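I opened my notebook to look up a few things about a single chain and to write down how each was defined.

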Amino acid sequence: MEQRTMLNEAQLSILRLLGRMKTIEQVNELRQIISNYYAQKATEEMDRLWDTGLWSEQENEAVLKEHLRTPYKYAE
């Protein structure tokens, strides 16, 4: 019987890479590299938005003042 997976080729590639790692330190190092990659991409996108005028100091201030916490309902 053929096994089917819901993972795409990129995900399978990462799993193969993880299979070659021998220590948790190597896994943590890869995790940090991936985190740095996404942080860099986010910074690049924010720089692009700022440079094109789609983001400004007003948007920064609005985000800082936005209330995003979930209201809690206390049990009585």
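**Notebook: fold, surface and a nonpolar patch**

I began with the surface: the accessible surface of the chain comes to about 7800 Å², and 56% of this belongs to carbon and sulfur atoms, with areas taken by the Shrake-Rupley method with a 1.4 Å probe, where for residues only the protein chains shown count as cover.

I noted that this is a predicted model, in which local features need pLDDT of at least 70 and side-chain atom pairs count only at pLDDT 80 or more, while totals for chains, interfaces and linings use all residues. Residues are numbered from 1 along each chain as its sequence is written, and side-chain values use heavy atoms, with hydrogens and water left out.

I then looked up the fold and found 3 helices and 0 strands, where helices (H or I, at least four residues) and strands (E, at least two) are DSSP runs numbered from the N terminus.

I checked burial next, and 4% of the 76 residues count as buried (under 20% relative accessible area; exposed is over 50%, partly exposed in between, with a 1.4 Å probe and protein chains only).

I also found a nonpolar patch on the surface, whose members include Leu-7, Ile-14 and Tyr-37; such patches join nonpolar side chains (Val, Leu, Ile, Met, Phe, Trp, Tyr) within 5 Å, from residues with over 30% relative accessible area and no salt bridge (a side-chain nitrogen of Lys or Arg within 4 Å of a carboxyl oxygen of Asp or Glu). Helix H1 (9-19) and helix H2 (24-51) each supply at least two residues of the patch, and H1 gives the most, with 4 residues.

I ended with Tyr-37, which lies in helix H2 and is partly exposed, with a relative accessible area of 43%.

Definitions and conventions
Patches are made of residues with over 30% relative accessible area and no salt bridge: like charges are joined within 9 Å, nonpolar side chains (Val, Leu, Ile, Met, Phe, Trp, Tyr) within 5 Å.
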